[in-house]
Amino acid sequence: MPGDVHLVCRDCQKPFTFSQVERDYYVRRGFTNQPLRCPSCRANRRRKQLGLAPVEMHEVTCASCGAATVVPFVPRGSRPVYCSLCYESLRQSQGGGPSVPAQATL
Ligand SMILES: [Zn+2]
Ligand SMILES: [Zn+2]
């Protein structure tokens, strides 16, 4: 995708993509910095802040926008998985939400 930025995680040194979609979201939220960590490390840092043990993250593709994201479970393939951005907007527009949110167990 044009506008995608390729970064390296400061925690695990793994390369990851900071997509145009995510950047737009960051800008809307008023963030000016690029993320320092890959989605897996970011998710596990959030878990740590909540007092949860880190888990293995699985990379998936968002069923809505096609962006790469991570989920703390093995995706089954039978149900759509959304990135946190799409999950949030779906939840806002539907009032209910999809059954498999990317951040459900965080
Ligand atoms: Zn990482
Ligand atoms: Zn998405």
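**A walk through the fold**

Among contacts in the protein between residues at least 6 apart in sequence, 29% link residues at least 24 apart, a contact being two residues whose C-beta atoms, placed from the backbone, lie within 7 Å. Bear in mind that this is a predicted model, in which local features need pLDDT of at least 70 and side-chain atom pairs count only at pLDDT 80 or more, while totals for chains, interfaces and linings use all residues. Residues are numbered from 1 along each chain as its sequence is written, and chains are lettered from A and ligands numbered from 1 in the order in which they are written.

How far can you trust it? The protein averages a pLDDT of 84, and 87% of the residues score at least 70; pLDDT is the predictor's confidence in each residue, from 0 to 100. Confidence is highest in strand β1 (residues 5-8), at 95, and lowest in α3, at a mean of 85.

Now the layout. There are three helices and four strands, taken as DSSP runs (helices H or I, at least four residues; strands E, at least two) and numbered from the N terminus. Along the sequence they come as β-β-α-α-β-β-α.

Let's start with the hairpin. β3 and β4 form it, with six residues between them, and Gly66 in the turn has a positive phi of about 80°. The two strands run antiparallel, and four bridges join β3 (residues 58-61) to β4; strands count as paired if DSSP finds at least two bridges between them. One pair of bridge partners is Thr61 and Ala68, the latter in β4. Strand β4 also holds Thr69, whose C-alpha atom is 5.7 Å from that of Glu59, 10 residues away along the chain. Thr69 is buried because 25 other C-beta atoms lie within 10 Å; the cut-off for buried is 20 or more such atoms within 10 Å of a residue's own C-beta, with 12 or fewer making it exposed, anything in between partly exposed, and C-beta atoms placed from the backbone.

Of the 106 residues, 22% count as buried. The largest nonpolar core has 12 residues, including Ala43, Val60, Val70, Leu85 and Tyr87; such a core is a set of buried Ala, Val, Leu, Ile, Met, Phe, Trp, Tyr and Cys residues joined through C-beta atoms within 7 Å. β4 and α3 are the elements that give two or more residues to this core, and α3 supplies the largest share, three residues.

In α3 itself (residues 84-94), Ser84, Leu85, Cys86 and Tyr87 are buried, and what covers the buried residues of α3 includes α1 (20-29) and β4 (68-71). Setting aside neighbours within four places in sequence, Cys86 contacts Cys62, Ser64 and Cys65.
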